Amino acid sequence: MNTFLLYSLAAVVLICLGVHGLIFRRHLLRKVMALNIISGGIFLLLISTAYRNGTEAADPIPQAMVLTGIVVTVSATAFALALIRRIHQDNPDADDDGDFGDRE
Amino acid sequence: MMEVLGRIMCLAGAFFFLAGTVGLLRFPDSLSRLHALTKADNLGLGLVAVGLMLTSDSVLAAAKVGLIWIVAMISGSTICFLLGRSMLAGMRRRK
Amino acid sequence: MSMGLALDVLLIAALLLTSWRLLEASDLFQAIVLFISFGLFLSLVWLRLQAPDIALAEAAVGAGLAGVLLLGTFKGLEPDFRKKQEESKPCRLDRPGACPTRVHYLAALLGVLGLAGILTLAVLDLPRSANGLTELAVRAFEPGGIDHLVTAVLLDFRLYDTWLELAVLVLALLGVLGAGGRHSVRGLEPPWDPDPVLVWLVRLLIPVVFSAAVYLLLLGGHAPGGAFQAGVILASGLTLLWLAGYRSVTVLPRGLWYGLVICGFGSIEVLAIFASVHPETPVLGYPPGFSNPVILALESLATLSIGVVLATLTIETLGGRERTPHYSGKGDRP
Amino acid sequence: MDLFYLGLAAFMLLTMLVGMIRVFRGPEPEDRLSAMQLFGTTGVAVLLLLAAAFNSPALRNTALIFALLAVLAVVAFVRAPARKSDSDQGEKP
């Protein structure tokens, strides 16, 4: 099944782009987005394996798992953003790139 | 007959989307780009929606397409107003 | 079939282009806009891969709440967002320990490339066609009488799945409230007074939003839809109300708010306890003969909970005007 | 499956890809947001066309959700509380 290969290889590229961004970008918001891209890639991998048989019967179990995964991703994103906001509140003079120095 | 008319309207809608995209890319300033956008929004989606309503086989599906069109018009006009106001505020601040 | 292939290639190109640019672009606002578009393309991909449930959830989350969360946080962090941001500042020389050296970058790059290689090998190693767990799922849900396969799977494992989903949401809510230093969102006023245009919009749109949520909830039994999608749409409606200048969830009395937050989790807990006492019910299953009304009741409660929790999460993350002073974390730092 | 609608959907997807240039370039935040708004509307049109091509109601529901929630991001951009500029010593000159 060509479609499966196409989408799962795209998912691999997405995951690696996300990991790369997570390591190399310094702004915290960007890191949160990189995490979201990684989770998108993982979901794409799962869904494309569910699609292996083609159109007649997609496997429902990975789909249910991904649905739960989306809930977890949203919750984690909201929590991370609240933490970022709090960090900025407590370190108003921090750099914009998330380099929060230990000021004396 | 309906079938052909519907398809022609879908094609016309696609043309308006193309025109909107070209306008978004080629127009020189933000406000005229917004103007190009509204054409694609209202006319493009409207033509596609009417075309699909003409060719759809059940009344329920046609009604749902109509609802989507109305919702898109309401939200599209609001969005364009909000963006335009925000642009003007930004211009004023820069002066 | 070549038209389908063209669609696939375009979709994948859009996904890769948006994700690459959103990670590499120097402008943070551009990255956020691209992130929202990424969610849109991902939702189209789910539809292409025959996963309409996930497409609905992704459309609601990606187009709605995730964008609101990121844009709102961004606006809260950057006072001068109209200027172009320089992200690649030189590393600070007074703290050389914090600077990544060339060796670090090389190691990280090698790690990423290794990950890519391993994942590619794993994908190529998978069998080209497999039935997976479909048969087991089909055998298990026969007594439930649900037509739609994904909902059937979800409902079969409902008491693991929704239970823990709600637990995750409530935990995230606790974390977000803790980071903001407050007990509930009560009294967090909307940022501005009602805007006439938005009031008009809300009057027209909110009834449609809430009816769409109910529609998706009722649809869940036999077609794509269900508690989570309905809950996300409910949450988006509540957030829209708050942004337009209404008080939405922040006006709820504290007791009612606690009740709504906990009702989804609590009702499943009660059912689980009942099922473990009742001899004929399977462990973590439904009592025989009651499955459909019980499922609908549980789903409605779960929808309410999900909606209120997600709306609270979003509103608290955005932050608003304070009506009462609260612990801001500045006063008693050592 | 109807090839006409499928081809039209692919064409609109192509327009979206081209329109992304405005998101990359647009000097003002509003430019990027208006390009995103065009994506949203085009996405609704693509979904409606695909729904006609595959004759599936689930696609139409997704289109409805897109149309309903497209407002949220822009409203959040305009209305979300901005960082207070007169707060404390943290403000940059």
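Biologist: Is B:Arg85 buried, partly exposed or exposed?

Modeller: The model is a predicted one. Burial is judged from relative accessible area, where buried means under 20% and exposed means over 50%. B:Arg85 has a relative accessible area of 35%, so the residue is partly exposed.

Biologist: With which residue does B:Arg85 form a salt bridge?

Modeller: Its partner is C:Asp195, with 2.7 Å from N to O. This pair crosses between chains: C:Asp195 sits in the loop between β1 and α8 of chain C, and B:Arg85 in helix α3 of chain B. C:Asp195 counts as buried, at 7% relative accessibility.

Biologist: How many salt bridges are found over all chains?

Modeller: The search finds six. One of them joins D:Asp31 to B:Arg33, with the closest N and O atoms 2.8 Å apart. Because D:Asp31 lies in helix α2 of chain D and B:Arg33 in helix α2 of chain B, the pair joins two chains. D:Asp31 is buried at 1%, and B:Arg33 is buried at 5%.

Biologist: Where do B:Arg7 and B:Glu3 lie?

Modeller: An α-helix has 3.6 residues a turn, so residues three or four places apart point the same way. B:Arg7 and B:Glu3 are both in helix α1 of chain B, four residues apart. They form a salt bridge, the closest N and O atoms being 3.1 Å apart.

Biologist: How many residues of α2(D) are buried?

Modeller: In α2(D), 24 of the 26 residues are buried. The helix spans residues 29–54 and reaches 37 Å, close to the 38 Å expected.

Methods
Residues numbered from 1 in each chain as written. Chains lettered and ligands numbered in written order. Predicted model: local features only at pLDDT ≥ 70, side-chain atom pairs only at ≥ 80, totals over all residues. Heavy atoms only, no water. Expected span 1.5 Å × (residues − 1). Buried < 20%, exposed > 50% of the residue type's maximum accessible area, 1.4 Å probe, protein only. Salt bridge = Lys/Arg side-chain N within 4 Å of Asp/Glu carboxyl O.
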